[in-house]
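Hi,

Here is the structure I said I would pass on.

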Amino acid sequence: MSWVGSRVRPIDWDDRSAGRTLFTADLPGERLVGRILRSPHAYAEVVAIDTTRARAMPGVHAVITAADFAPGARYVHRGGPLSDRPPLADGVVRHVGQEVAAVAAETPEQAAAALRAIRVRYRPRRAPLTPGQARSPGARRLHVRTTDEANVSMRLDTTWGDPDAGHRAAVVAVSGSFSYPSVSHAVMEPNTTLASWDAARGRVELWTSTQAPWFIAKEVSQLLGIAHDDVVIREVAAGGGFGSKSKASEHEALAAALSRAAGAPVLVALSREEELGANKPRHRFETTLRTEADADGVLRALDADIAVDNGSYNHMGTSVMRVGVITLGSMYRPDGVHFTARLVDTATQPGGQFRGYGTPQVSLAMESQVDEIAARLGIDPIDLRLRNLAPEHAETLCGYRVGTNRLGDCLVAVRDGLDWDAARSAPRGDGPVRRGWGVAAGSHGSGAFAYDQADRSDAALDLFDDGRVRVRHGGSDAGTGQNTILAQIAADELGVDLADVEVLSTDTERTPFELGAWSSRGTHMTGSSVGQAGRELAGRVRELAAEKLGADAAEVVLRGGRAHAQGRDVELGDLVGLAAEARDGVLSHETSYRVEGTEMLTPDKDRANLSPSYAFAAHGAVVDVDRRTGEVRVVDYLAAHDVGTAINPTAVEGQIVGGAAMGLGAALGEDLVREAGRVVNSTYLHYAMPRSADLPRVRAHVVDNHEAAGPYGAKSVGEMSIVPPGGAVANAVADALGVRLRELPITPDKVLTALAEQEGRRRRHGIWRRPSRWWIAAIRALYPLGLHHVLDRWGTRLGPARRARSRPPAAAPAVLVATGLDDALTALARPGAAALGGGTDLLPDRPRQARPAPVLVATSAVTEMRRLETRDGVLRVGGAVTLAELAEHPDTPDVLVTALRSIASPQIRNTATVAGNLVQAKRCWFFRNGFDCYKRNGATSPCYAVLGDHRFQHAAVDGHRCQAVTPSDVGTVLPALDAVLVLAGAAGVRREVDAADFYSGPGETVLRDGELVAEVRIPLVAARRGAFTKLGLYTGDFATASAALTVVADTDGRWCDVRLVLGAVAPTPWRLRAVEAALTGTRPTVADVRRLVDAELDRHAHPLPRNGWKLDAAAGLVEQAYDAL
Amino acid sequence: MAPQHPLVVNGETVEVDVTGMPSLATVLRDRLGLTAAKVACGRGECGACTVLVGGRPVMGCITPAVLVREPVETSEGLAAESADLRACFADTGAFQCGFCTPGQVVHATALLRAGLPPGSEERQEHVRHAMSGNICRCTGYQAIVASVCTVADARETEQAS
Ligand code: FES
Ligand code: FES
């Protein structure tokens, strides 16, 4: 054995890393563009769909609706009464984004136009959007279900072991409610399918981004009414799965049906907005748990009540819930466990399969309470877990027959690796940044016996007469390294070089039966079947060699691509011709592997040994929490895993680090935020997943083990790694702050709100004393009393953005590249012209605009606007200078450089211009993501932020009817530098405006029609020091709040000239002139500054119900800026 | 006649039709068959479409082709220059699915050309921040960051000797 166990490169590394590997959207050839029409309503009856106009449009080849499928057609998913989702809405839509119709056209523009031409008459109805609403009396029932509770799709009420014995033995108990968010897989390759219908044979070929081709064929065939084998799936690269691609993603069947209707190949690629806003994310769990322990810290009883947000259709919700609750009965060794779990229907995007499958959700609750018990008993958290280890080779409460379990070694590895004992017992200090240490453990199976045949895997090997070997398996490697692992196994079994092994996966015609890569079954199942095929084929090859070499088959050794015996040898390829069963120079062997000893879960059974082996892990997190801003940074992370023996250690470490990173995302930022069931943060810009600089160095540690049940001693790893991060981070934050947060993600708002509560702080704003705010306060008060509803339901119909959506989309603009300022201004003066800087803000927004400009005047080549120079002590920055160029200029003040470097990404900064940054659209995820809001759609529309999620992006000071803020960081810093903007209009008109007076509202400026920001003038004052600080949810995010502070001090350190500007707190950058005045002439301490800023904030603020914390954050940012001066 | 626009792509001059304001990524992928640059968001938010324009990394998906006046380099054109980096990626697990990888490699190529600051911690921090516009959902980034630093070290050592 030489390849198994070694760190080999992915077999296709060269092509894949250079971008030569083709993903579905990269495939060459003519095809139509398929697009999907989705429901704008959370729940509505579909009264009528009229596709006549769309069908008649130029370039449109097919339009399909539910009528194109058999009446009552449903996805199978879990089967039986659980199958509830139609391929296209038939009569009712149950979530925003549900598929209603689909079109195929020659160009994307024609497809977009056709979608708009489809007339759908909806009758919207109120429907529950949260589990709480769904279970309240009178809530609309979304489906007819088999339980006796409204909107409960499945209920489990289960007792394992003897909870009463546990209660009797316990001396301490903790209770609490925990929630784990609905997060998106956010796979980098959006779900994409190319379908090609063959009318003559009545079959369809699919190239599709999937982890499990067999399930795609199953769903597509039954929806199209054709045989399973008539859906042929071809191999193509898939760009990340994490569960999302382990079952149908509801576009494959549409692509196939469109191709059938159009008689031509059709490509359907989901957009990022569709991925985040309509695809199936992780199920949100609300877990109420009570944990009891005895005086030694041994957990004795667990009692849980769990609500799982199913979303609008079942999918895998039932099994996600079952796997989730199993956490309670598989990790430790309580006497007994009782739980009630409900899968609750809500009119939101349905949940789907997601790495970890219910386990991270329940694990958060359990691991948090293990720490709470430890604290109550004064026992070290790692110690306490060591006292609770379940025995090896034993059965757990939930019926798992666990083989090896090296959780203890994992915990010790965390203790040693983080220097846990010494670090935690060192004095903590009382500075603004507090450090905390946290640990959490977890376990996961290696494939679940979830379906008939899920205990089986077939595989085939081909030996070619030139000595090459090919593995054929029906799974699909979406990035886990499965193909490489299988090649390693085949190479070892046949004694050939790894370079001589290739892998054919996916292809349903050319590979044998296999259910695919899900539930962490890839390594165990196909590893075992390919290993078995290899041993069997090696046996046959030995027979052939024995004959040829005149030896006994038992003496033949396969090594280096040759068979050796009796001092002689022969190339393996030369043996192929000797086999009677070989065909066309290929000796093929196919085999079928079955797992022994696992049992299938059935509805009547609540205990089962689902998996052939069980993986364990303990993760340790070290966090720094800034009490000023609520920001949590993970500074060190150790992930210790029991994976048995790794087949490819590099791949295993990759799965550990990648899974931990994804878990950290959910712990600290990721959360799909919805308004009336519609996802608000459906772009990467607003979805706070970790970027490179947000993560610590995650250290993967693999403890020694060998699992007899696993192929080559291996267990699973891919899902295990995402289980502990939530608990580990929550425990570390609790350790740092002495406050326990039970709801992920732990964003700064939650931290600062908890700290304010801990310290008993409350801000008072005396609105009753401020008549200027009464009108706004009254409007806000009316919103929940029906104003929002009226504006949303009726008012929005009158707006231009809404009406524009029923017209054909605007044509692409003409672009005029001006080279001189006067040319540009003359062109801009014509009606319908707008300026184009770098385009980084304008272009993504264009499709949402009611009347996008038909002519864009590009400024990127305007000589006067490209200048960047210092003259007479003033830095003159042309409006078309890029952010990167400005940041690189030696004279640019540091405070501005800091701000520039915090904007978006280097790629954007290389394109985005200074003028464009200043005039970019307002910061508000409702506005930016196309809600028909007051600002986009006119005065009769609501501001969605008043009742919606306004924690991060909206004004806490001075908000009016629109609660948005000005996003520009440059705009926040320039007033602190006394900068002046030169605005240029046609006919040589120039005017100068102080940067402090440039904004008139959120993202709105004093620029007149046809004017440009031609230049920014920054006086250079050598003695001026400055600092810019910013709070965002990820590196490159817009400011949730920011502060720019500049100071000129005299020789004794007295501040004689002070500027203090807060960004993203008020609608426009807010200069705190009263604070500046009070500080002038003083030598303030940080506490002085804080006190003055707090008083000013209290005097002016008028926060929305959930964004008052931003005031604390803003004051904290000023403290940080003071420290950074 | 449709407005034509000259582009220099991987050293070759091509005339492309820019009617309808196509993005650089669309021109590369759909008209020139250069599909290494991926489109994962189409909004300038993920870096999968990163290409070099005038040596600087930009988001191809929101760069109007008509505004591109400097030479364009794509992952295909940089395959030889990035060979050592890609090998290091493969050795350390810096890609899994590989969908973000061409964008990462292109961006890292520009960073390596510019040179990294001295000091191993500074290096890591620099790369971590610089590459924050390139989302990777698979790897957790650290192997990517480490690879860029390793290759920078190796190239410097080679140059010194
Ligand atoms: S595809 Fe261009 S940045 Fe995402
Ligand atoms: S390797 Fe898959 S997204 Fe980066």
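Before the strands, a quick convention: two strands count as paired if DSSP finds at least two bridges between them. Helices (H or I, at least four residues) and strands (E, at least two) are DSSP runs, numbered from the N terminus.

Also, this is a predicted model, so local features need pLDDT of at least 70 and side-chain atom pairs count only at pLDDT 80 or more, while totals for chains, interfaces and linings use all residues. Residues are numbered from 1 along each chain as its sequence is written, chains are lettered from A and ligands numbered from 1 in the order in which they are written, and side-chain values use heavy atoms, with hydrogens and water left out.

On to the strands. In chain A, β42 (residues 1041-1049) pairs antiparallel with β43 (residues 1055-1063) over 8 bridges. Those two make a hairpin with 5 residues between them, and Gly1053(A) in the turn has a positive phi of about 85 degrees. β42(A) also pairs with β41 (residues 1024-1031) of chain A, again antiparallel and over 8 bridges. Of the 9 residues in β42(A), 8 are buried (under 20% relative accessible area; exposed is over 50%, partly exposed in between, with a 1.4 Å probe and protein chains only).

Now the charges. I get 104 salt bridges over all chains, taking a salt bridge as a side-chain nitrogen of Lys or Arg within 4 Å of a carboxyl oxygen of Asp or Glu. Three to look at:

- Asp26(A) and Arg29(B) meet at 2.8 Å, N to O. This pair crosses between chains, from the loop between α1 (13-18) and β1 (32-38) of chain A to helix α1 (residues 24-31) of chain B. Asp26(A) is buried at 6%, and Arg29(B) is buried at 11%.
- Arg385(A) and Glu367(A) have their closest N and O atoms 2.7 Å apart. Arg385(A) sits in helix α11 (residues 381-387) and Glu367(A) in helix α10 (residues 359-377), so the pair ties together parts 18 residues apart in sequence. Arg385(A) is buried at 0%, and Glu367(A) is buried at 0% too.
- Arg763(A) and Asp1098(A) come to 2.8 Å, linking parts of the chain 335 residues apart. Arg763(A) counts as buried at 19%, whereas Asp1098(A) is partly exposed at 22%. Both belong to a salt-bridge network whose members include Arg627(A), Glu759(A) and Arg1090(A).

Cheers
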